[in-house]
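Reader: Hello! Could you walk me through this structure, one question at a time?

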Amino acid sequence: MSGSMDRLFITDVSPRDGLQNQPTPVSTEAKAGLIRLLAQAGVASVEATSFVSPKAVPQMADAGQLLAQVQGELPDLRVSVLVPNLKGLERARAASAREIAVVLSATETMNRRNINMGLDEAVQVSEQTLQAAAAAGLRTRAYVAVAFDCPFEGAVPLDRVVSLAHRMRVAGAGEVVIADTIGAAAPGMVRERLQAILQAVPQQQLAAHFHDTRGLGAANAWAAIEAGVRRLDASAGGLGGCPFAPGAAGNVATEDLVLMAERSGLATGIDLDGLLRAIDHVEARLGRPLGGRSIAWLRRRRPAA
Ligand code: HMG
Ligand code: MG
């Protein structure tokens with residue numbers, strides 16, 4: 001790995017992956033407040049919300065209103081939104097979305113549980129959605145979820161993950177995001193899988209998205225960095241989890257990644273004290289303590305307000 005000029009690009013997904021599964025209602029204003037604090041902390045890219053069925057995920061029902069508010073207030077922030085199909089894209093475009101992410105799972109059962117389609121249909125719908133978004137001038141990302149283990153089908157074959165990642169790239173995905181939905185990966189697996197996927201997706205277009213169920217989130221992120229990946233998703237305070245994947249815990253915490261990266265000579269542009277203010281804000285809204293594995297240490301070293 002090269003020196004201190006090396007840079008890690010973090011997309012903070014806490015407003016979407018983090019808040020989609022919370023039992024406590026969070027107002028649109030409080031969500032916008034979180035995104036504002038993340039931007040103030042130097043986060044350059046945020047996944048703000050999802051345009052999914054409000055019956056499936058009522059927590060994201062205010063997607064249009066939130067997106068309009070955030071993009072109006074923070075014109076320089078890169079803001080993406082998750083859309084599972086063309087209907088989601090249509091709603092996102094009506095709210096002036098500039099970047100969308102489709103979500104394709106690597107198994108039949110996970111697609112059915114998550115988006116009510118089989119694998120073949122999910123591939124087609126993801127391709128159509130990416131193509132329509134690109135034709136409308138939007139930036140795009142494509143998740144390949146359950147890229148390690150599936151909660152329903154167990155270990156997922158690597159060749160299938162490589163082939164789906166390749167299809168998403170060919171369909172025009174600006175970024176392909178390899179996701180460990182239930183946090184089942186380990187660093188050796190991450191290195192092996194990402195090295196194989198790098199044969200199909202160029203390094204600048206590859207991102208990784210880890211959940212921290214077994215305490216290996218940061219180790220997995222480091223394995224991805226060592227494999228050459230420089231785009232990682234993370235969530236402030238370690239919030240997160242797919243409601244349709246049993247056993248999914250929160251995402252790897254943004255604060256853990258920032259701390260790890262900066263202590264290792266990788267710049268993130270994110271200020272840890274600013275990030276703590278964003279985490280304080282969500283904690284107050286959810287009424288429970290949050291934070292990744294570094295949170296206690298980060299708070300102890302924090303300058304008095
Ligand atoms: P469906 O019921 O099969 O949809 O749901 P349908 O096409 O049959 O339509 C049924 C109704 O839903 C219709 O309305 C549609 O218009 C409407 P009606 O005629 O009954 O009034 N509809 C929609 N409404 C709003 N937005 C839409 C939309 N599409 C159809 N986009 C659907 C299919 C995909 C919509 C549904 O299953 C769904 O919303 N699923 C939610 C998926 C989700 O949000 N999962 C969590 C995020 S993924 C995740 O967390 C993993 C990730 O973090 C990566 C990782 O960690 O692995 C990304
Ligand atoms: Mg996720």
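Author: Gladly! This is a predicted model. Let us start with Cys242, whose relative accessible area is 15%. Because the cut-off for buried is under 20%, Cys242 counts as buried.

Reader: How many disulfides does the structure hold?

Author: A disulfide needs two cysteine sulfur atoms within 2.5 Å. For Cys242, the nearest cysteine sulfur is that of Cys150, 11 Å away, and Cys242 is in no disulfide. Cys150 is in no disulfide either, with the sulfur of Cys242 as its nearest, 11 Å away. For the structure, the number of disulfides is zero.

Reader: Is Cys150 buried or exposed?

Author: Its relative accessibility is the value to look at. For Cys150 that value is 4%. The limit for buried is under 20%, so Cys150 counts as buried.

Reader: Thanks! Which residues are the protein donors of the magnesium ion (ligand 2)?

Author: A donor here is an N, O or S atom within 2.8 Å of the metal. The protein donors of this magnesium ion lie 2.0 to 2.3 Å from it. In sequence, the donor residues follow the spacing D-x191-H-x1-H. They are Asp17 (OD), His209 (NE2) and His211 (NE2).

Reader: Are His209 and His211 buried or exposed?

Author: Let us take them one by one. His209 has 4% relative accessibility, so this residue counts as buried. His211 also has 4% relative accessibility. With the limit at under 20%, His211 therefore counts as buried.

Reader: Now for ligand 1: which residues are the closest?

Author: The space taken by ligand 1 is the largest pocket. Around ligand 1 there are 28 residues. The closest of them are Gln20, Ser53, Asn114, Asn116 and Thr181.

Reader: How much of ligand 1 does the protein bury?

Author: Some polar side-chain atoms come first: one of Asn116 lies 2.6 Å from an oxygen atom of ligand 1, and one of Asn85 lies 2.9 Å from a nitrogen atom of ligand 1. In Gln20, a side-chain N or O atom is 2.9 Å from a ligand 1 oxygen. Taken alone, ligand 1 exposes 1,100 Å², and the share that the protein buries is 72%.

Note on methods
Residues numbered from 1 in each chain as written. Chains lettered and ligands numbered in written order. Predicted model: local features only at pLDDT ≥ 70, side-chain atom pairs only at ≥ 80, totals over all residues. Heavy atoms only, no water. Donors = N, O, S within 2.8 Å, 3.2 Å for Na, K, Ca; no water. Buried < 20%, exposed > 50% of the residue type's maximum accessible area, 1.4 Å probe, protein only. Near = heavy atom within 4 Å. Polar contact = N/O pair within 3.5 Å; in protein donor to acceptor, adjacent residues only side chain to side chain. Areas by Shrake-Rupley, 256 points an atom, 1.4 Å probe, with all protein chains shown as cover. 1 Å grid on protein atoms, 1.4 Å probe; cavity = no way out; pocket = protein on both sides within 12 Å on 5 of 7 lines; lining within 4 Å. Sits in = over half its atoms within 2 Å of the grid points.
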